[in-house]
Amino acid sequence: MCYYKKDALYVRCQSGWTADTIDNMAAITNVLELTGGSVKKLDQGHMKRFLRLQSLFLTNNDIRDIQTLSFDGLSELLWLNISQDNFTTLTNDAFKGLDMLQGIGRNHN
């Protein structure tokens, strides 16, 4: 589901997503919500194309591994929610480059 709200593009994939899903999304996305996905590992630069992204919700997925620089290129990101995922690996510098980040949500069921 995609929609505009106050000149911001919101994209929601609430019933599953893959790495290919991300490759087919508009690079001008401002708010991205990805839930119920089958991606187990976030690799370096996985989201790099979203230069305007301000909020990223990766909730209720099966993400287990966040690699170094997984969020590389997201210099405008203000909010990141990684709640209800099953992390086993969170490498050093996974969040490097997120200089504008104001908050990270992290809850576990």
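**Close-up views of a predicted model**

View 1. Arg106 is placed in the segment after β9, and its contacts, leaving aside residues up to four places away in sequence, are Ile82, Ser83, Gln84, Asp85 and Phe87.

**View 2. The open sheet.** Six strands, in the order β1-β2-β3-β5-β7-β9, make up an open sheet with mixed pairing. The edges are taken by β1 (2-5) and β9 (103-105), and because each has a single partner strand, one side of each is left without a neighbour in the sheet. On average, and with direction ignored, neighbouring strands of this sheet are turned by 10° against each other.

**View 3. The pairing of β3 with β5.** Residues 31-34 form strand β3, which pairs in the parallel sense with strand β5, residues 55-57, over three bridges. Within this pairing, Leu32 is found opposite Leu56 of β5.

**View 4. The largest nonpolar core.** This core has 25 residues, of which Met47, Leu56 and Leu58 touch the most other members. Two or more residues are given to the core by β2 (8-13) and by β3, and β2 supplies the largest share, three residues. Leu58, when residues up to four places away in sequence are not counted, touches a set of residues including Trp17, Leu34, Met47, Phe71 and Ile82, and also Asn81, Ser83 and Asp85.

Key
Residues are numbered from 1 along each chain as its sequence is written. This is a predicted model: local features need pLDDT of at least 70, side-chain atom pairs count only at pLDDT 80 or more; totals for chains, interfaces and linings use all residues. Side-chain values use heavy atoms; hydrogens and water are left out. Two strands pair if DSSP finds at least two bridges between them. Helices (H or I, at least four residues) and strands (E, at least two) are DSSP runs, numbered from the N terminus. Axes are lines fitted to C-alpha atoms, for helices over the stretch in contact, and angles run from 0 to 180 degrees between N-to-C directions. A nonpolar core is a set of buried Ala, Val, Leu, Ile, Met, Phe, Trp, Tyr and Cys residues joined through side-chain atoms within 4.5 Å. Buried means under 20% relative accessible area, exposed over 50%, partly exposed in between (1.4 Å probe, protein chains only). Contact means heavy atoms within 4.5 Å.
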